[in-house]
Amino acid sequence: MVMLSGMSKHAPSRDYSLESAPSHRVFSAFTSISIIASIFGNGILPEIQATLAPPATGKMLKGLVMCYSVILVTFYSVSVSGYYVFGNKSSSNIINNFIPDIGPALAPTWILGGAVVCVLFQLLAIGLVYSQVAFEVMEKKSADPNRGMFSMRNLIPRIVLRSLYMGICGLLAAMLPFFGDINGIVGALGFIPLDFILPMLLYNMTYRPSKSSVMYWMNIAIMFVFTGVGLLGAFSSVRKLVLDADKFKLFSSDVVD
């Protein structure tokens, strides 16, 4: 759909130029790294799930191969083709680019509607997965361990609390339309440490490689480099959030990139 829009007679003009100030380009680069870590960090899910039951190694490898294959075919292809078609005006919500402010939509209504529905399903799935920790905390307080999981005593509070929690999360997301900026902060403070720092730390703590070995110092180097990347990414993402604050309006339909 993206490539067809690029070949349309109503296709937008393409501009691939970067920001003029070197400092702005550096900040934008670290913000982008943080956003990439957040959006494409799905590989951590099979890594965590594979360790729940032995044998972890085989299942983890299969899960990661499938995960990154799907990401390559879907997320990365859309990212690359989206930038190719829309240039530096590409929105953090790619669907917005198909509905320009001036001129007709670049895709049929039924395709855009289907894309929105697919995004909704994906967000619901992601929200449920990443909310499991919160659900665990709530249900430890509300559930009766002496009753069955699907007993009315435990089922009704679970449905009410989970629905209320997801409703509050959806309300906050609708109130704060800083899609790219918030993804950058989440990536810098959440996914970069989980993907690049914590695994190296745990490896050194678990297997205790010799301090004279290449593996030990390679892990230390990765931890050091990505700690800096995470800190710079957090700073640049917060900076962009502050700069974009003048565009903020509660429940705005225009997502701030």
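1. Aromatic pairs. The predicted model contains seven aromatic pairs, where rings of Phe, Tyr and Trp (its six-membered ring) pair if their centres lie within 6.5 Å, and planes under 30 degrees apart count as stacked, over 60 as edge-to-face and the rest as tilted. Local features need pLDDT of at least 70, side-chain atom pairs count only at pLDDT 80 or more, and totals for chains, interfaces and linings use all residues. Residues are numbered from 1 along each chain as its sequence is written, and side-chain values use heavy atoms, with hydrogens and water left out.

2. Y16 and Y83. This pair is tilted, at 5.4 Å centre to centre with 50 degrees between the planes. Y16 lies in the loop between helix 1 (2-6) and helix 2, and Y83 in helix 4 (residues 56-86), so the pair ties together parts 67 residues apart in sequence. Helices are DSSP runs (H or I, at least four residues), numbered from the N terminus. Y16 is partly exposed at 37% relative accessibility, and Y83 is partly exposed at 38% (buried means under 20% relative accessible area, exposed over 50%, partly exposed in between; 1.4 Å probe, protein chains only).

3. F135 and Y165. Here the geometry is edge-to-face, with 5.7 Å centre to centre and 75 degrees between the planes. F135 belongs to helix 6 (residues 132-142) and Y165 to helix 7 (residues 152-175), so the pair links parts 30 residues apart in sequence. F135 is buried, with a relative accessible area of 0%, whereas Y165 is partly exposed at 26% relative accessibility.

Conventions:
Helices (H or I, at least four residues) and strands (E, at least two) are DSSP runs, numbered from the N terminus.
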